[in-house]
Amino acid sequence: MAANAPLLELRDAVPSFEESGLMPAPYNLRIMPGECAVIDCRDFERAAMFADLCTGMIPLTQGSIKFMGLDWSTLYDRQLNALRGRIGRISRHGSWLSLFGTHLNIMLPHLYHTTDPFDHVVRRATELGHTFGFPGLPITAPDRLSGADLARAACVRAFMGRPDLLILEDISDMLPEETVLPFFETMTAARDRGCGVLWFVRSTAAWHEYRKAVNIHMRLLDEGLFSLRVV
Amino acid sequence: MTDTSPPPPEQQASSVLAQMAPPEDRRDTGRFATLLGRFAPWLAAIGRLTRHQVRFTLLLIGAGWGTLRESLRPNSWRRPVIYEFRATLRQVIGGGFLSIVITATLAGLMVVSQAAYWLGYAGMAQMTGSILVSVLVREIAPILVGIILMGRSGMLSLTEIGMMVLGGEVRGLQARGIDPFLALVMPRTFAFTVGGFTLGMIFAVVSLLMGFVVAHASGAITSSVWTFFFNVLAAMTTWDYLIIPLKFVLVGFFVGLGSCISGLTVSSNDTMATIMPRGFARGIMLVLVVNILFMLDF
C-alpha cells in the first residue's frame, strides 16, 4: 500500500441489487489509516449488507472498492480471504459457530490466517478478554452465553491480531456499560497504529462520548450514503 | 413498478409456432401448439428435475476434484482445518463404532454361519473362504458401512452445515476470510474417508469372527480360527486386496463429500424437512453407485 493512500475507498460503487438488496446507487467513501468513520443506519440488515459491500462480498455493477490499495474485484479467492483476514469485524448476526466453544470462535480467524504459536494467541485473547471484563476466555458454547458476554466476546475477536480495518456493527444495546470505556480505549489504541474504523451506529447515544475523535460522519439510507457534519 | 415476468411456457410455444407457420397451416399449427402447450409444463418439470440432478453430479465432481487438489497444498491444512478434521474423525469413528460392531455381528451370524452350513452340506466346504470374501467383505460390507456412515455422521454433517448456511454463519466465516470449503468441506470429507476405511476394516474382521464363533459352536466349522482366517485370506485375489480397501475409502469419501455439498448448497427456501430427505436419498444413491461401478468392472 502506497504512503498516504486510502485504507478503504469506495468510488462510485454500485452494488448488485439482486445480491444485496441495497439500492443500486453510487456509494462513495474514503477512510485513511487511523481515521474513524461513523455511519448512522437504523436498519441492522442494511448496515450488515454495507459492511459486506466494503469487504468485497457483494458484486458491483459499477465503480470500485479498494482496501489497502487492492481492488476486491480483481483478486482471487485465496487473496480475497487473506485480505479479509486483515479486517476485524463485529457482526450482530450469524457470527458464532455452535460447533466450537466461544474461545475457539474468538481465536478462529487468527489461527486460520496466521502461524503465530497457539500459546501466544491464547495469551493475547485472554489479555483482551480481561480488558473487556472477562475473567478469562469463555469456553462454553456461544449459544449459552448472555447477550452481554457475547458482545464482550465479539469485541475481543474483532481486536485480535492487530487488524488494519475495524468494521463494527452496532452492539451498543448489548455491550455492558463498564465495557464502553475499554471499547473506546482499545479502538483508539488500534487507530494510533494506523487501523481505520468503520463504525455503524443506530443512535447518537452509541458514539456521543467518542464524537470528538470521529473524522467522518455519514448516514446510510435507502437512497445511498450521505455525508453529515461532525459535531 | 411494471411486471416484466415472462409468459408461461405454453403461451410462448403457441405464439412462436403461430408466427413461424405459413397462413394455410395456421390451424394445424394451432392444434399442435395447443397440444404442446398442454404437455409443456410436464416437459418443463422433467427438464427442471434433470437439470437439478445433473447439477448435483457436476457439483460433486467439481468439489471432489477441488478437495483432492486443495488437500495437496500444505497451507490448506491450517489449524482450524486440522481441528475440524480431528473432531469429525472422532465423531465418525466414535459414533459409528458400536453400530458397525452390532451390524457386523448380525451380518456375520447370518452370512458366515449360513454359508458354512450350506456349503458343508453340499460338500463344498473348501469354497467357504472365497464365498465369504466375495459376498460379505467385498459386496455387503461397503454398502452397510456406507449406510451407517450416512445415517450416523453424514446426516449430522448435512444438518450442521445446512443450518449454518441458513443461519448466516457460513457467510460470517467468509466475512472473516475463512473459506468454508477449506474449513468445513475438505476436512470433513477426509475424515469420512479415513473413517470409512477404519469402520470397513472393523466390520470385515468382526463379521468374519462372529460368523466363525457361531458356525464353530454349531459344528458347521471344525477348523481353528487361524485356519478359518487363513482360508479367507487365501481365497482373496490380488485385486481383492486393492478393491476392498478402495471401496471403503471411496464410500467414505463420497458420503462425506455428498453430505457437505448438500448442506452447503441449501437455499433460503429449504427447511429441515426438505434438507434431510434429499441428503439421505443422495447419500444412499452415492453408496450404491460406488458399489455398482466396482461391480461392473470386477
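Predicted model: local features only at pLDDT ≥ 70, side-chain atom pairs only at ≥ 80, totals over all residues.

A:Ile87 has A:Leu165 of S7(A) as its bridge partner, and the two strands, S6(A) and S7(A), run parallel and are joined by 4 bridges.

Residues are numbered from 1 along each chain as its sequence is written, and chains are lettered from A and ligands numbered from 1 in the order in which they are written.

## The mixed sheet of chain A

Strands S6(A) and S7(A) belong to an open sheet of 6 strands with mixed pairing, in the order S6-S7-S8-S3-S9-S10. Its edge strands, S6 (87-90) and S10 (224-228) of chain A, each pair on one side only, and the twist averages 20° from one strand to the next. Helix H6 (residues 147-159) of chain A packs on this sheet and touches S6 and S7 (165-168), its direction making about 170° with that of S6(A); axes are lines fitted to C-alpha atoms, for helices over the stretch in contact, and angles run from 0 to 180 degrees between N-to-C directions.

Strand S8 (residues 196-201) of chain A has 6 of its 6 residues buried, so it is largely enclosed by the rest of the structure. A:Gly196, A:Leu198 and A:Phe200 lie on one covered face of S8(A), and A:Val197, A:Trp199 and A:Val201 on the other. S8(A) pairs in the parallel sense with S7(A) over 4 bridges, where A:Leu168 stands opposite A:Trp199, and S8(A) is also joined to S3(A), again in parallel, by 5 bridges, with A:Phe200 as the bridge partner of A:Ile39. Strand S3 (residues 36-40) of chain A in turn runs parallel to S9 (residues 216-221) of chain A, with 4 bridges between them, and A:Asp40 is partnered there by A:Arg219.

## The antiparallel sheet of chain A

An open sheet of 4 strands in chain A has the order S2-S1-S4-S5 and antiparallel pairing. S2 (27-31) and S5 (70-71) of chain A stand at its edges with a single partner strand each, so one side of each is left without a neighbour in the sheet. Strand S1 (residues 8-15) of chain A pairs with S2(A) over 4 bridges, and A:Glu9 stands opposite A:Arg30 in S2(A).

## The helices of chain B

Chain B has 9 helices and 0 strands, and 38% of its 298 residues count as buried. The unreviewed UniProt entry places the feature "transmembrane region" at several spans of chain B, including residues 144-166 and 190-213; UniProt annotations may be inferred rather than shown by experiment, and their positions are given in the numbering used here. In the model, residues 144-166 of chain B are 100% helix, with end C-alpha atoms 31 Å apart, while residues 190-213 of chain B are also 100% helix, with end C-alpha atoms 34 Å apart.

B:Leu89, in helix H3 (residues 79-121) of chain B, is buried, with 20 other C-beta atoms within 10 Å. Leaving aside neighbours within four places in sequence, B:Leu89 is in contact with B:Ala191, B:Val194 and B:Gly195, contact meaning that the C-beta atoms, placed from the backbone, lie within 7 Å.

## Where the chains meet

20 residues of chain A are in contact with 15 residues of chain B. Helix H3 (77-84) and helix H4 (102-113) of chain A are the elements that give two or more residues to the side of chain A that touches chain B, and H4(A) supplies the largest share, 5 residues.

Terms used:
Contact = placed C-beta atoms within 7 Å. Pairing = 2+ DSSP bridges. Buried ≥ 20, exposed ≤ 12 C-beta atoms within 10 Å, placed from the backbone.
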